[in-house]
Amino acid sequence: MTLAFVFPGQGAQTIGMGKALAEAYPAAKAVFDEVDAALGEKLSDLIWDGDIAELTLTQNAQPALMATSLAAMRALEAEGVSIDRATFVAGHSLGEYSALAAAGALSVSDTARLLRTRGQAMQSAVPVGEGAMAAILGLDLSAVRAVADEAAQGDVCQAANDNDPTQVVVSGSKAAVERAAVIAKEKGAKRAVMLPVSAPFHCALMQPAADVMAEALAGVEIKAPAVPLVANVRAEAVSDPDTIRQLLVEQVTGSVRWRESVQYMAAQGVTGVWEIGAGKALSGMIRKIDRAITSSAVGTPDDVAAVLAQ
């Protein structure tokens with residue numbers, strides 16, 4: 001089986017994630033300790049025993065999900081599965097940072113600090129209540145782009161996440177996104193669901209956050225990843241550190257081209273995907289994109305045992 005390792009984005013967080021891994025594997029526990037030290041606070045206490053509303057705050061969810069993904073990666077490594085078992089790594093939005101850390105391009109400490117900065121910058125880029133996101137179900141990307149263009153009416157409204165053939169997320173000004181939800185239904189969408197998010201991610205309104213990340217990333221060492229990264233904004237493999245740095249900045253305002261990324265990996269011969277970290281959202285998307293690709297979630301010690309037995 002030709003494998004890709006993929007890393008989840010925001011929305012996958014749950015209280016208790018990664019705790020069983022930390023209890024079973026000292027190397028997994030060390031990841032949470034390193035993230036706590038990098039941030040100067042016990043984020044692990046929030047992850048394992050805290051309040052879900054506080055964990056879901058963007059500035060907490062981003063480093064927390066990365067820590068859980070890297071803990072799962074360390075558990076695999078403890079069982080003899082190294083990153084080069086994969087042909088590619090990829091991540092959904094913040095998961096791209098987890099992928100880069102797993103592949104050795106970024107240190108865990110730097111990644112934690114970058115994601116805390118990214119979460120704060122994305123949250124503060126647009127005043128609460130002025131932006132929104134909506135999932136459009138049952139229309140393809142070109143149809144949703146047409147809906148977004150019609151709904152904009154001078155405001156920002158863009159296709160933000162091309163998740164799978166049945167789901168595209170739009171992002172932008174609240175009024176424009178609400179118009180898009182109505183227009184999408186008129187154009188034949190099965191559903192248009194306003195998302196419970198705190199900011200309009202992956203659209204032009206995030207430019208202030210992109211500027212912050214350009215400065216933050218300029219001060220961090222990025223190495224060539226041990227295996228190529230399939231980048232969100234290009235949907236193709238990259239390994240050059242300077243290119244990766246630039247794409248991480250572009251990613252803040254750019255679309256997450258997840259459907260195309262999975263199609264790219266399939267075209268390169270990938271037949272199996274391991275979703276490293278919390279939840280199974282990416283596995284569900286991948287099944288809708290290409291049923292020939294098998295997917296396995298790796299977020300608990302039992303999951304680690306299951307993939308080792310494959």
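Colleague: How many aromatic pairs does a search of the whole structure find?

Modeller: This is a predicted model, and any pair listed here is therefore a computed one, with ring centres within 6.5 Å. A search of the whole structure on that basis gives a count of three.

Colleague: Phe88 and Tyr264 form an aromatic pair, so is that pair stacked, tilted or edge-to-face?

Modeller: The ring centres of Phe88 and Tyr264 are 5.8 Å apart, and the planes make an angle of 65 degrees. Since planes over 60 degrees apart fall in one class and those under 30 degrees in another, the pair of Phe88 and Tyr264 is edge-to-face.

Colleague: Which parts does the pair of Phe88 and Tyr264 tie together, and how many residues apart in sequence are they?

Modeller: Phe88 belongs to strand β2, residues 86-91, whereas Tyr264 belongs to helix α12, residues 258-267. The pair therefore ties together strand β2 and helix α12, parts whose separation in sequence is 176 residues.

Colleague: What is the phi of His202, and where is His202 found?

Modeller: Most residues other than glycine have a negative phi. His202 is not a glycine, yet its phi is positive, and it is buried, with a relative accessible area of 2%. Its place is in the loop between β6 (191-194) and α10 (207-218), and its phi is near 55 degrees.

Colleague: Which elements do the buried residues of α11 pack against?

Modeller: Helix α11 covers residues 241-253, and its buried residues include Ile244, Leu247, Leu248 and Val252, along with Arg245 and Gln251. Those buried residues of α11 pack against α6, α7 (108-124), β4 (157-164), α10 and β8 (237-238).

Colleague: Is Lys190 buried or exposed, and which residues is it in contact with, leaving aside its neighbours within four places in sequence?

Modeller: Lys190 sits in the loop between α9 (174-186) and β6. Because its relative accessibility is 69%, Lys190 counts as exposed. Leaving aside neighbours within four places in sequence, its contacts are Leu137, Gly138 and Lys185.

Colleague: Which element supplies the largest share of the lining of the largest pocket?

Modeller: About 790 Å³ of space lies in the largest pocket, whose lining has 36 residues, with Gln10, Gly11, Asn161, Leu195 and Val197 nearest its centre. By class, that lining divides into 16 nonpolar, 16 polar and four charged residues. Several elements each supply at least two lining residues, including α4 (52-56), β3 (131-137) and β5 (167-173), but the largest share, four residues, comes from α13.

Colleague: Which helix gives the most to the lining of the second largest pocket?

Modeller: The second largest pocket has a volume of about 170 Å³, and of its 16 lining residues, Gly277, Ala278, Gly279, Gly299 and Thr300 lie nearest the centre. Its lining has five nonpolar, eight polar and three charged residues. The most, three residues, comes from helix α1.

How values were computed: Residues are numbered from 1 along each chain as its sequence is written. This is a predicted model: local features need pLDDT of at least 70, side-chain atom pairs count only at pLDDT 80 or more; totals for chains, interfaces and linings use all residues. Side-chain values use heavy atoms; hydrogens and water are left out. Rings of Phe, Tyr and Trp (its six-membered ring) pair if their centres lie within 6.5 Å; planes under 30 degrees apart count as stacked, over 60 as edge-to-face and the rest as tilted. Buried means under 20% relative accessible area, exposed over 50%, partly exposed in between (1.4 Å probe, protein chains only). Contact means heavy atoms within 4.5 Å. On a 1 Å grid over the protein atoms alone, a cavity is a set of points where a 1.4 Å probe fits but cannot get out, and a pocket is an open set with protein on both sides within 12 Å along at least five of seven lines; lining residues have an atom within 4 Å of a point. Grid points are joined across faces, edges and corners, and a volume is the space filled by probe spheres set on the points. Ala, Val, Leu, Ile, Met, Phe, Trp, Tyr, Cys and Pro count as nonpolar, Asp, Glu, Lys and Arg as charged, and the others, Gly among them, as polar.
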